[in-house]
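Have the viewer open and follow along.

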Amino acid sequence: MSSADIDKDLLAATLAFSLASGGDFAEVYVEDRTSLNLRLEDNKVEQVSGGHELGAGVRLTSGDRTYYAYTDDVGEAGLREAAKAVAAALRGAAAGGVQPLGGERRNPGAHPVRIAPESVAIEVKSDLLRAANEAARGHSSSIVQVTTGYSEGRQHVLIANSLGDLVRDERLRLRFVVQAIARREGVIQTGFETLGASAGFEILDEATVIDLALGAAGQAVTMLDSRPAPVGVMPVVMANGFGGTLFHEACGHGLEADAIAKGASIYTGKLGTVVAAPIVSAYDDGSVANGWGSQAFDDEGVPTQKTMVIKDGRLTSYLYDRLRARAAGAQPTGNGRRQSFRYVPIPRMTTTYIAPGDVSPDDVIAATKRGFYAKSLAGGQVEPASGNFVFGVAEGYLIENGRITAPLRGATLIGNGIDILTRIDMIANDFDIKSGVCGKDGQGVPVGTGQATLRIGEMTVGGTG
Amino acid sequence: MFDVVDKTLELALAGGAEGAEVYAERSTSRRIRVYHQQVEELVAARRKGLGLRVFQHGAVGYAYTSDTSAEALDEVVARALAHAKVSDHDEFAVLPEKAAGYPALELFDADLAATDDGAKIELALAVERAALEADTRVKLVEDTSYADGDGEVFLVNSKGVRGSFRANDCYTFAYALAEQNGQIETGLSYAVGRNLAELDAQACGREAALRACALLGSRKVPSMKATVVLDPYSAASVIAVISAALTADAVQRGRSLFASLEGKQVAGERFSLTDNGLHPNGFSSAPFDGEGVPCQRTPLIAAGVLQGFLYDTYTAARGGRRSTGNGLRGSYTGGPAVRPTNLIVGGPATPVADLIGSIERGVLVTNLIGVHSGANPISGEFSVGINGILIESGRLTTPVREVTLAGDIITMLTNVVALGDDARWVPSGSILTPSLVVEGMSISGE
């Protein structure tokens, strides 16, 4: 059985059943997902795994209240039971309204695929793992362990709601990761590189994965010579690509409308006000062609879009799902996302980035007398209510007299959202986007983070030196 | 569900697998979130699925499905066999033998299974009320949740392993925001149990509120070398990082900072750490692990000395040891991997008030920020953000924010000089730990 087997009448009946004892919105989300994961470690391809999951979630809302039930049985009995479970929560009230389902909408051209990964022999994929492994190990005799991973996932979703929307969407995501561990005289360092896209197998070939492998190995080996990062407040230059995690953590999470609605974000009530330096403009864009964080529709059937969130330093928009947009009297922005049918959709970022400037990255370094250069971040965490965030730096360097010098390890960057954004004083032109997985409320979703090289005039660096 | 499980095993062996194992699960769960004394979200879930591991020519393949129809079972077998074909031969990839028996544990509470949603909603509402009433500076409780799960596991393999068990549990959670002079601070708390009567709604709500209020007025402090008291929540974050390095998998693959330290002093002599898959109150307790090996109690660190590591069947074969029953599964979508069950920190306890009273200058840490990116279980280095309260002349004084705590994990463990009398369960990772007093930590601030 697959989501293709579910007909319009069954969806309409499920919606009507959900609203039988009240409510103002109902939705059925059917998902059918096949995945394949291959992993190499210790020079062996050893975890080859994959499978198929099929299920549906039925959602009913009444004002600010949400009732959700999910099931692995997408037949009539399973959907009826789920609808009954949500309807039972609103016992007594009059039935809610259901619009007849309109024509099915889809947008198959949004993220074109040239080579379906299912058409490629699995041995070709395992050979890529081996090629990356050999390249990373060949880079240096200090490389003692390499892990390489390939994953592909194809997800079909079918979304019907009581507003009459009927949307079918298909998402295909591929990702390749390399982790290298280097060791010399008791010092251990790691390096990591990744490539992910909403695209087909055309994005991967031997040369591409070897590049990733050399990047990861190079990072691990370089960091062997690192010294402990200094402690203190100094200018910080964030490299392009992964540096976008800064904006994701320092600002993006605080713009998600669930935090805004509860007043649990420092950006609550700040639309139209200055939240960043005048050189900063920023976007969330779920429609970036073939982007890892992209899809044609969000997980509520709203088309994804490019949303300007900061214009010349002023806050211009929050990121909405349907529920929060309705409560705020705003339009949904295509940010209602969920990990799978087992989760309620909530406002989430897609690909979030600070727009590039026009100086070269070299100019940014050259203009910095003494500072910290964060080339690659290990991840971060923010508390949207206070805006306080922390990042771990995977690969960092000292900047001395306008030049990148000694590698530094164990650095943490710490600060407060609006404070840091207003201190951005240079943005370069080397824009790039990296792929990652963002966790919130126990749900992981694919996101892109992007930026060009930029400088924060002052930031706290916590280190061990 | 044994019918589907047996059928899948039979199909795999008929399809040419030399050995096979089928793991299936079936569960129901509830999650209720309340806000402003109303139900904000209620999730009712029903979940099932199975995973098949096949062994062929010394190689392993894995496949899973949530669909247990006849055609889906044929498909899962075909997939697993195809996956085994592309895997490399590995002499240590073997199935566990049939165990002599499994320990009897009481993991299922009939009262919880019979409790209706109304009582669960009332409990969540009581948690939120307790938080709001605890202090006038509590602005709101952003998230107050009650959740429970009731799951059954079925496991068979071609060597005769055959087992099943059912377990349920519940917890409440509160995340409170307190505000003073425009500054917002947050606090969270959990209560865990096997039924609603074991969850103290008052205590849970109040704790979240007081943890948030305690940080109001926080500011940066000067950098210093000082004694740090990790409260049970922050101690548990540290233990979670350490435990990743205490698996034989991490050791054998060169990913553990403890690799060559078996039998050596790695922690203060008052500090002990045990993995106990049989603990009566542990969320991760079970009669057997994800591949049918009986769960057990495994000392990891005793009086500061590293006793050994956690093993599943694969790492035990590779290391010439016995499995410790730590081949766990996150879900049916993945094969077993070495992970801790319940981690118990033990040692001589001292009243927390006495511990703080004896510290001339230090910080009581109530929150570690950025642990997953800032603590490296391979190199042992860590640098994380902290929230907490300054300790001066034995008294809690100014709250602290935007400072970092850095060092290396072995030095930190070695500098653990005392344990509090406030041991509690922290559910993320199922860790039971008291406060830990650590000397000589580097704190960077202004």
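**Exercise 1.** Find which residue stands opposite B:A45 in strand 2 of chain B.

*Solution.* Start at B:A45 and look across: A:Y70 stands opposite. Next, place the strands, which are DSSP runs of E with at least two residues, numbered from the N terminus. Strand 3 of chain A (residues 65-71) runs parallel to strand 2 of chain B, and five bridges join them. Strands count as paired if DSSP finds at least two bridges between them.

A note on the model: it is predicted, so local features need pLDDT of at least 70 and side-chain atom pairs pLDDT 80 or more, while totals for chains, interfaces and linings use all residues. Residues are numbered from 1 along each chain as its sequence is written, chains are lettered from A and ligands numbered from 1 in the order written, and side-chain values use heavy atoms, without hydrogens and water.

**Exercise 2.** State how much area chain B and chain A bury between them.

*Solution.* Buried area is the accessible area (1.4 Å probe) lost on putting two parts together, summed over both. Here that comes to about 5,600 Å², with 46% on carbon and sulfur atoms. Then ask who contributes: B:Y64, B:V86 and B:R253 supply 11% of the area chain B buries against chain A, more than any other three residues.

**Exercise 3.** Find the salt-bridge partner of B:R253.

*Solution.* Look for a Lys or Arg side-chain nitrogen within 4 Å of an Asp or Glu carboxyl oxygen. The side chain of B:R253 meets that of A:D42 at 3.5 Å, N to O. Across the interface, the rule finds ten salt bridges.

Key. Helices (H or I, at least four residues) and strands (E, at least two) are DSSP runs, numbered from the N terminus.
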